[in-house]
Amino acid sequence: MVTHCIRVGTGILWLTGILLALVVHAWAADDVDRFTLSPEQLFNATVVSVSRTSERVMDAPAAISVLTGDDIRRAGATSVQEALRLVPGVQVAQVNANSWAVSVRGFNGALANKLLVRIDGRDVYDPLFSGVYWDIQDVMLDDIDRIEVVRGPGASLWGANAVNGVINIITKKARDTQGVLAAVTAGTKDRTIAEGRYGGSLGENGHYRVFSKYLNRSDLETVAGSSAHDGQQMGHAGFRADWDGTPQGDFTFQGEAYDNRTGDMRLLPTFTSPFSELSLEKIEARGAHMLGRWDKAMGEDSNASVQSYLDYTMRKQDILGDERITFDLDAQYELPAWGRNKIIFGAGYRYSHDTLTASPYVSFTDDGEDTHLFSSFIQNKITLAPKELFLTLGSKFQHNDFTGFEMQPNARLQWHPDDTQMIWGSIARAVRTPSRLEHDLTINQAVLSVFGFPAELRLVPNTDFEAERVTAYEMGYRNQLTPELSVDLAGFYNDYTYLSTLNFLTPQLISPPFLFPITSTNGGRGNTQGIEASVDWRPLDNLQLAASYSLVQIHLIGPPSNVAINSTAAIEQSPSQQANFVSRWDITDRIALDSTLYYVGAVPGFKVPEYWRLDMRLGWQILDGLEFSLVGQNLLQGEHREFSSPTDIGAVEIPRSIYGRFTWRY
Amino acid sequence: MRLSLGLALLMLVAGFTVSARAQEALQLHEQEIEAGLIYNFLKYITWPSETSRADVAVCVYGEDSFINYLQLMAGRTVNQRRITVRSARDFPAAESCDLLFINTSGKDQWPQMMRFLRGKPVLTVSTIDGFTDKGGMIEFGRKGSRIQVLLNVDAAQAARLHVEDRLLKLVTVTHAPLPDEGR
């Protein structure tokens with residue numbers, strides 16, 4: 001306890017010190033008059049972006065893909081998770097009408113836990129299960145500036161749990177969404193989507209937007225042909241205000257609130273024969289958040305930013321109720337170049353409190369818990385040869401309540417043989433810290449029949465559960481062969497230790513109901529290896545072609561099946577090969593035809609055979625401010641499963657679907 | 001753990017032993033650089049004498065918040081002419097400008113506008129991809145983390161605009177003669 005207090009105290013001191021330094025520096029720095037700069041100086045100036053690194057994708061020594069708002073629109077996607085199908089190395093599978101499994105480089109699951117997802121700098125990773133509820137991450141697509149997907153551990157800048165990747169969703173500044181936008185989508189799968197937005201200005205440097213969106217997704221059909229009761233109704237509204245280029249820097253305030261109703265169909269365990277009963281569950285989720293950010297250029301090549309947010313989420317299911325409030329404060333500082341060193345460092349604190357509601361199926365050691373997370377990072381980009389060779393060394397240091405101190409170092413080397421090519425390599429260590437699920441929850445997984453008597457398979461918590469660890473070795477090559485043609489290759493070898501497995505404890509077989517307790521242990525290890533390749537080609541002014549391929553091979557060694565039940569399950573839940581082919585053709589100035597063809601390899605864990613999926617979009621700019629698009633999805637097949645066993649009661653088929661969308665801007 | 005310690009040590013050693021001072025470039029927001037360059041275009045490009053009014057009009061076609069960056073130069077003088085900044089809502093309004101900025105959302109209207117502005121001394125500037133190939137004069141693009149400027153000298157010449165050598169040396173010169181309509 002004493003050491004804990006010391007750590008907490010040190011953390012707070014650290015943070016106060018940094019904040020103080022930032023504030024002092026902010027008032028000391030003075031502004032440059034852009035119009036006194038010579039053309040030479042301006043041509044030589046580098047562009048700052050709002051993201052944590054101001055490097056352009058081409059220059060970043062990592063496996064990065066960027067989806068722009070335009071890419072998403074032209075793929076005909078109606079959600080962020082659907083748009084992620086375009087990115088090599090990302091596995092996207094729709095579980096049912098309201099649930100998706102998304103992961104990077106394998107280990108997919110409905111709550112895949114080795115991926116960090118952030119929207120405008122706010123983590124949307126749920127600490128209860130270490131996963132992302134994709135149904136509630138419903139961003140208004142026209143607001144998206146870009147989605148940056150970093151495959152591999154981005155740990156040195158982005159915190160824990162970015163074991164296999166980071167997805168950063170970045171929305172446009174308010175000044176880029178001025179005026180009125182109204183859009184209506186109607187279709188067979190996405191039954192209705194209605195969006196409205198208004199943007200205006202606030203004084204000399206300020207802009208704002210307010211928006212609201214309603215979404216209604218139809219129930220899908222189960223394999224047996226009945227309704228899966230899994231439709232979704234969601235409403236949300238929000239705002240964003242930005243003040244750019246004020247003498248005190250750039251300011252952003254944004255907030256949003258949502259209400260989401262979904263459902264699902266599943267078998268819940270009972271202690272009477274046949275030991276399970278059908279449940280048609282109604283799931284309610286509500287939430288709201290507020291975020292503020294301050295960014296300031298400190299002279300020529302230095303930058304400071306402070307960000308804070310408050311996030312409330314509530315999710316009520318028959319098996320568990322969960323209410324959580326999170327406060328996060330995060331600061332970072334980029335120092336001016338010092339010799340050949342370019343140092344950036346930062347620190348953050350997160351407080352989270354949850355209140356859980358038990359059910360006959362789930363109970364826990366304590367129903368409300370405060371958690372504190374302290375983190376800091378430092379990174380130095382060292383110029384070994386100007387414009388040619390750089391070494392980036394960094395590490396993230398974190399203290400969490402479950403496993404204590406975690407260090408996640410990272411070394412990256414990048415070589416630019418010329419202006420258009422780059423070769424990079426990286427070694428990084430990252431951790432996935434335990435969730436409340438592994439640490440505190442007792443779950444009645446299933447009731448089995450043993451000679452006609454009920455036997456409960458019960459997941460019990462393990463307070464000694466450690467963080468899962470990975471050491472990742474990566475290499476990549478990028479070449480902008482001509483202004484019209486570029487290629488990007490990446491290869492990786494990930495070495496995992498302390499992977500979670502579910503091990504059997506001593507059973508109770510004296511009297512029925514019998515009990516088979518299982519618990520999460522760190523008994524698994526293994527490795528994954530793979531490659532990702534993509535090509536982008538613009539043969540004509542009005543035609544863009546792109547293709548990508550990804551391969552992931554997973555090798556896991558866990559305790560034998562009489563000791564553990566899922567130690568190698570992850571091998572079978574991700575397709576080993578994926579590919580996509582994109583064509584974007586502007587037939588005339590006003591008519592565009594876009595096609596995307598996806599190949600997804602077999603997912604043996606769910607007996608899902610390999611499939612091809614074709615999505616097409618016809619876009620027509622009817623008037624200057626009015627656009628109509630007609631999108632057909634999954635055109636090649638009547639329906640197919642993506643992420644559920646044919647024997648699951650709620651297993652759904654993803655149908656062929658069509659929608660039309662009118663967008664009006666004024 | 002041993003690897004982590006090794007990396008940490010390496011970081012400390014490598015980070016703090018190398019220390020030759022490298023010349024670092026300015027870091028600015030994209031719009032700041034572009035606004036700065038537009039100011040320099042007014043300075044290093046000469047308009048035909050007949051339009052030398054007392055003021056020089058910089059316009060933005062369509063709704064674009066980029067105008068806020070340009071507003072900061074309003075009221076300054078360049079080559080003894082006072083800069084005014086305004087938005088141009090339609091083609092006739094665009095015709096009376098000296099410099100016209102068209103954002104990417106004006107892509108669809110550009111071919112029509114180009115025909116409308118033919119032969120008029122209006123310097124057209126845009127971020128539209130391939131703008132200089134479609135009869136535009138100046139196109140802002142990116143090269144690495146720097147702003148790249150493409151200049152279609154044929155289009156500028158046709159509008160009787162003279163670009164000084166200092167600017168010509170910095171931009172990427174392209175040639176795309178205007179299609180002859182002859183109808």
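**Entry 1: a hairpin turn.** I started at the hairpin of β5(A) and β6(A), where two residues sit between the strands and Asp120(A) has a positive phi near 45°. The model is a predicted one, so I kept the confidence values for a later entry. Strands β5(A) and β6(A) run antiparallel and are joined by two bridges. For the partner of Arg118(A), I looked in β6(A) and found Asp123(A).

Entry 2: One pair I noted down is Val117(A) with its bridge partner Ile167(A) in β8(A).

**Entry 3: burial of β5(A).** Why is strand β5 (residues 115–119) of chain A largely enclosed by the rest of the structure? I checked its residues: four of the five are buried, and therefore the strand counts as largely enclosed.

**Entry 4: β17(A), β19(A) and β20(A).** I then moved along chain A to strand β17 (residues 341–357) and strand β19 (residues 368–385), which pair in the antiparallel sense over 15 bridges. Within this pairing I found Tyr349(A) opposite Phe374(A) in β19(A). Strand β19(A) also pairs with strand β20 (residues 389–400) of chain A; these two run antiparallel and share 11 bridges. At this second pairing, Ala385(A) stands opposite Leu389(A) in β20(A). The hairpin of β19(A) and β20(A) has three residues between the strands, and Lys387(A) takes a positive phi near 65° there.

**Entry 5: confidence in chain A.** I looked up the mean pLDDT of chain A, which is 87, with 92% of the residues reaching 70 or more. Over residues 15–31 of chain A, though, pLDDT is below 50, and this stretch has 19 contacts in the model beyond near neighbours in sequence. I marked residues 49–55 of chain A as well: pLDDT stays under 50 there, and the model has 11 contacts for them beyond four places in sequence. A reminder to myself: where pLDDT is low, the predicted coordinates should not be read in detail.

**Entry 6: a look at chain B.** How many helices and strands does chain B have? I counted seven helices and 11 strands. Of the 183 residues in chain B, 38% are buried. Among contacts in chain B with a separation of 6 or more, 58% come from residues 24 or more positions apart.

Methods
Residues are numbered from 1 along each chain as its sequence is written. Chains are lettered from A and ligands numbered from 1 in the order in which they are written. This is a predicted model: local features need pLDDT of at least 70, side-chain atom pairs count only at pLDDT 80 or more; totals for chains, interfaces and linings use all residues. pLDDT is the predictor's confidence in each residue, from 0 to 100. Two residues are in contact if their C-beta atoms, placed from the backbone, lie within 7 Å. Two strands pair if DSSP finds at least two bridges between them. A residue is buried if 20 or more other C-beta atoms lie within 10 Å of its own, exposed if 12 or fewer, and partly exposed in between; C-beta atoms are placed from the backbone.
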